[in-house]
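Please open the model in your viewer and follow the stops below in order.

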Amino acid sequence: MNQLEIGDKLLDKFGLEVIETPATFRDQMTLTVAADKILAVCKFLKEDPELAFDFLSFVAGVDRHPAKPRFEVIYQIKSLKHNHRFRIKARIDESETEPATIDSVFSIWRTADWHERETAEMFGIVFRNHPDPRKLLLPEEWTVHPLRKDFPLFGTEKDTPDLPA
Amino acid sequence: MPENATLKEDRRSEVIELNLGPHHPSTHGVFRAIVELDGEMVLDVVPYLGYLHRGYEKTCENKRYHQVIPLAERCDYMGASSNSLCFCLCVEKILEVEVPERAQVIRVMMAELSRIFSHLFWLGTHGHDVGAMTPLFYMLREREEIMNLFELTAGGRLMPNYLRIGGLIRDLEEGFVDRLRAFTNHFDRRVDEYETLLTKNPIYMDRTQGIGVLPLADAIALGASGPMVRGSGLQWDIRKSEPYCGYESYDFDIPVQSGCDVYARYLVRVQEMRESNRILKQAVERLPEGSVRAVKPGVIFPPQEEIYHKMEALIHHFMLVVEGVKPPEGEYYQVIESPRGEMGCYLVSDGGPQPYRLKWRAPAFVNLECLALMSRGQFFADLIAILSSIDIVLAEVDR
């Protein structure tokens with residue numbers, strides 16, 4: 001299936017309230033999916049025999065600061081059976097009190113485990129129902145999220161953002 | 001003696017936690033794992049990563065596009081040219097640049113040389129990890145030849161830094177092709193030599209057969225790629241399934257083994273070296289004449305000679321250095337088959353001179369996720385063999 005057919009199939013199944021208009025760039029399509037439906041969409045992508053996306057390349061975050069909603073979570077998937085790739089993303093935001101939250105897709109692709117742990121610590125996104133939500137690359141005591149756009153490149157003499165106070 | 005027997009049972013039930021690393025010689029870098037042991041049996045392995053985390057992705061977001069290339073090569077220093085190839089292909093796709101035929105063939109040469117380079121060093125150190133000292137010295141001999149080739153044409157030995165967005169930094173050095181041809185002519189016999197050391201070696205076979213079993217369904221679920229899945233019976237190579245750099249026009253096979261164990265991964269990698277050599281031979285024969293860098297003023301750097309003689313070239317060069325190239329807004333995911341598997345570069349451009357977001361899909365990082373599954377129920381000594389069969393490069397795992 002080519003990118004357009006995959007997009008159409010998703011649109012037929014879930015409708016316009018879940019799937020936003022696709023963006024195509026250099027033959028690759030990116031579909032934006034409603035964040036609260038991410039599990040259902042991913043399950044369908046994996047289990048539908050014509051799609052059969054059995055391989056998750058990565059989960060990553062993008063910080064669109066200062067735009068709203070702030071974060072995008074990217075899922076790059078591949079079907080080894082049909083040899084096609086696709087990309088979906090979900091937009092989520094954080095509030096003063098609540099961190100940005102999205103369901104973990106660990107139950108669908110086990111490899112999401114480390115990818116989500118990395119994305120969580122780098123952006124401060126919470127993956128709901130993740131089986132092992134520890135930090136992966138950063139020290140446990142860090143409270144900052146280095147891949148956010150407002151994370152400084154250099155500390156000052158008084159203020160080092162990476163160390164606990 | 002019943003008393004002693006109970007004592008033994010007590011000891012057996014006691015689970016100990018053993019810290020492995022971060023400076024254990026078998027980890028080939030700084031990798032730490034907490035191993036839960038019941039006697040000598042591994043119950044669980046919990047990896048602790050990040051000792052080599054350098055903030056690669058964050059750094060790239062704050063560099064010009066052409067400045068990312070040397071950083072990318074430092075991600076996987078064993079297959080350096082694969083990294084820069086992946087990044088350059090991705091940017092070229094976004095910029096819609098066609099790379100000249102000659103540069104494509106030379107890129108294939110560099111990529112395949114780095115694959116052999118990486119597999120050679122893997123084979124040497126892997127042999128070392130399971131107690132075979134000899135292979136390493138043989139591997140270093142051929143590895144040195146490849147490093148000399150890199151040095152001849154690019155200057156750098158470990159990290160050639162030879163690829164550029166739109167082509168290569170300069171044409172091949174005189175004499176490179178002849179030396180490469182000489183290398184390809186004797187390399188097959190060298191691989192035969194390596195095989196005499198390990199392939200039928202009963203000690204090696206005992207240490208690796210049936211060890212670290214990774215069933216195919218688990219390999220796919222855990223996102224493993226490259227020799228890891230090919231050792232588990234899946235015939236999947238990105239050079240064939242999603243060809244780049246004209247790989248579709250080369251004649252080569254994908255080695256597959258169905259053993260799912262350390263030995264199968266060994267066989268796959270040895271065979272891959274032969275196939276890479278086959279590709280190299282074809283590349284040497286077909287190397288066409290022509291330029292090695294695309295021409296697209298204001299986007300691709302002009303050749304060095306032109307900067308000295310042409311005003312426009314000087315201006316374009318100056319502007320590219322000062323302002324950088326500004327690709328159109330969009331996102332693209334480029335994959336290549338690196339020595340370790342699916343290496344991917346996901347690039348988001350916002351139209352500015354720096355990547356808005358660069359996500360590096362490092363195959364070693366994902367393959368390492370399989371470690372716990374493969375090691376449960378194995379002996380501790382086999383854990384070392386299993387870890388080395390993944391072929392991790394810690395710089396790539398931690399980025």
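Why does Val62(A) count as buried? Val62(A) has 22 C-beta neighbours inside 10 Å and is therefore buried (20 or more other C-beta atoms within 10 Å; exposed means 12 or fewer, partly exposed in between, with C-beta atoms placed from the backbone). This is a predicted model, in which local features need pLDDT of at least 70 and side-chain atom pairs pLDDT 80 or more, while totals for chains, interfaces and linings use all residues. Residues are numbered from 1 along each chain as its sequence is written, and chains are lettered from A and ligands numbered from 1 in the order written.

Select Val62(A) in strand β3 (residues 55-63) of chain A; strands are DSSP runs of E with at least two residues, helices runs of H or I with at least four, numbered from the N terminus. Leaving aside residues up to four places away in sequence, Val62(A) touches Phe71(A), Glu72(A), Ile74(A), Val348(B) and Arg357(B) (C-beta atoms, placed from the backbone, within 7 Å).

Next, display the contact between the chains, to which chain B gives 29 residues and chain A 27 residues. Among the elements of chain B that give two or more residues to this side are α4 (80-95), β7 (341-349) and β8 (357-361).

Now select the open sheet of three strands in chain B, ordered β6-β7-β8 with antiparallel pairing (at least two DSSP bridges between two strands). Strands β6 and β8 of chain B stand at the edges with a single partner strand each, so one side of each lacks a neighbour in the sheet. Finish at Leu347(B), whose bridge partner in β8(B) is Leu358(B).

Note on methods. Two residues are in contact if their C-beta atoms, placed from the backbone, lie within 7 Å.
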